[in-house]
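Please consider the following model with attention to its annotated positions and to the contact between its chains.

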Amino acid sequence: MVKITGIEFRNPTILASGIMGTTGASLVRMANSGAGAVVTKSIGPEPKTGHPNPSMVKLDCGFLNAMGLPNPSYADFDNEIKIAKEGADVPVIASIFGGNAEEFVRVAEGLTEAKPDAFELNVSCPHAEGYGATIGTDSCMVEAITAAVCDAVDAPVWVKLTPNVTDIRSIGKAAENGGADAVVAINTLRGMAIDINSGYPILGNRFGGLSGPAVRPVAIKCVYDLYETLEIPVIGVGGVSSWEDAVEMIMAGASAVQIGSAVHEGIEVFGNIATGIEQFLQDNGYAGVEDITGLAHEVI
Amino acid sequence: MRPINAKIIQIIEETPSIRTFRFDTSLNDAQPGQFVMVWLRGVDEVPMGCSFKNGITVQKVGDATSRLFELKEGDSVGLRGPFGKGFTLPAKDENILIIAGGVGVAPLGPLADSAASVGAKVTTILGARTASELVFEQRFSEAGDIHLTTDDGSAGTCGFVTTVLADMDVSAYDRICVCGPEIMMFNVLKMLQKKGAHDRAEFSLHRYFKCAIGVCGACCMDHEGLRVCKDGPVLNGSLLLDSEFGNYKRSSSSQRVKV
Ligand SMILES: Cc1cc2nc3c(=O)[nH]c(=O)nc-3n(C[C@H](O)[C@H](O)[C@H](O)COP(=O)(O)OP(=O)(O)OC[C@H]3O[C@@H](n4cnc5c(N)ncnc54)[C@H](O)[C@@H]3O)c2cc1C
Ligand code: FES
């Protein structure tokens, strides 16, 4: 059992936003496959079809995606959250986005009736014009948006950060100052792949965000830095695909880990990682995840 | 995988709106019912069933397919795949019923070939709106018995594939493999359910694909959250009975729309 921002999780593995989170039914399926909590696809103020395909490609070192925040809007999605809440016996976190504080608040308020256990603010999508990372690199906007949503809702507010900044600590600090209950780090790293047969960028949006094994060392460093700087918990995400990866992320400072791309290898990944972490804690005489959160900072 | 470059070596006009494109590259491990993502550079990338190890059979419906229809022999597209789970592979002496409507023939052509080559007995019900829109008639005939149906009666039985199916004793078939417009497939499912054969039936489904590799969730069906791109596109009839199948699907913005 792990407790973060007042919510109890049966294990520290969380389904990351953008993965299998488009429908209530798929969120329930992920919960049943072992996830300790699930985060929805990012939901915005208006329906969006997203970028043209290809929107996700597997590369040697990870995955490149530019979905373009496709979503049915909060008005259509509250029902999916209700389905997820009814069917899943784990916390359901609503990921939301908007172009400014007012839009974020509109979406959060629009989903409140469905009673998500927390909100995750996506201020970090690297490839949607006017949304995500365009605001997530601006600490004033991050603070203002966080403050506005915290004011508007009672549920805990998590802020998901982009690594595409010079210093992620200042953005994390802005979220904390705005009243965030936790930060989630990291969203994808800006990246691109080009088809050498034609010269065309492969993604329909030309560029996108990198996830998977390649970004894990970047995520570890970001989580490490945020843990040092912030009072609020850090939830680690980026390239975790085994229990060893998860333990590493926790030792860097994460209170829990989110898992995304690794779902590609099989949805059993949550159960497997949770069991592996539990076994590791037992074998090494630790009472819980808290005992190793940030361990890398203590051994210096 | 990155898209592989596939040069078009042959274009066959199957009907006024359906063409087969054969490529210089073969996806040798493609199983009947699996699909490829076909990238029309600068336009879009869309799923297509493998109608041959090195070919797809496409109906022109929108942007990407129109662009494909502008391409000539010697032009190229990008291909990723084969992806997804195909039909159960037929074995010797099995009795297979194939039900194909319109461009739904695409994944069933290779199934018929494979069934015939291992010594399974194949019967096909092939339907289309009108005689000129029947695809792969010769291919299915070569694999076994064939029943034609057309909505206007211009070839075979006047009516739908279900008109023929209604009078059939399906207990003789080890498996019934179906692809076509969703309403057609839904009517087949309901009829097979009445005949107690839905759990021996496999349907090749169509949902909006984004990632096509089982990660994003865009293609998930209610109420089990099955991913059509990874758990499917071929799904057993028993999984479809209490699902959204025949009722609604999700659009590119994941909004529910009626089938
Ligand atoms: C597993 C699978 C196998 C398929 N096999 C064949 C085949 O063998 N032959 C064939 O002609 N068609 C096949 N289709 C349908 C084919 O993908 C669509 O006709 C094609 O995507 C249309 O693209 P468009 O840009 O021309 O049309 P658009 O104008 O973009 O859209 C027309 C319709 O095509 C469908 N469509 C568009 N983009 C996608 C997408 N990314 N994923 C799924 N559907 C989409 C939607 O239903 C849409 O309403 C298959 C679909 C799936 C899911
Ligand atoms: S299209 Fe992404 S999971 Fe099927």
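The model is predicted.

The UniProt record, an unreviewed entry, carries a "binding site" annotation on chain A. The annotated positions include Ser17(A), Lys41(A), Ser42(A), Asn122(A) and Lys160(A), and also Ile186(A), Gly212(A), Gly238(A), Gly239(A), Gly260(A) and Ser261(A).

Two of these positions may be followed further. Lys41(A) sits in a loop of chain A, between β4 (37-39) and β5 (56-58). Is Lys41(A) buried or exposed? Lys41(A) has 27 other C-beta atoms within 10 Å, and a residue counts as buried if 20 or more lie within that distance; Lys41(A) is therefore buried. Beyond its neighbours within four places in sequence, Lys41(A) is in contact with Ser17(A), which also carries the "binding site" annotation. Other contacts of Lys41(A) are Gly18(A), Gly21(A), Thr22(A), Asn71(A) and Ser95(A), together with Gly217(B) from chain B.

Asn122(A), by contrast, belongs to a strand, β8 (residues 118-122) of chain A. Asn122(A) is buried because 30 other C-beta atoms lie within 10 Å.

The contact between the chains involves 37 residues from chain A and 28 residues from chain B. On the side of chain A that touches chain B, α1 (24-32) and β5 are the elements that give two or more residues. The largest share, 4 residues, comes from α1(A). By residue class, this side of chain A comprises 16 nonpolar, 15 polar and 6 charged residues.

Key: Residues numbered from 1 in each chain as written. Chains lettered and ligands numbered in written order. Predicted model: local features only at pLDDT ≥ 70, side-chain atom pairs only at ≥ 80, totals over all residues. UniProt positions renumbered as here; feature names shortened; annotations may be inferred. Buried ≥ 20, exposed ≤ 12 C-beta atoms within 10 Å, placed from the backbone. Contact = placed C-beta atoms within 7 Å. Nonpolar A, V, L, I, M, F, W, Y, C, P; charged D, E, K, R; others polar.
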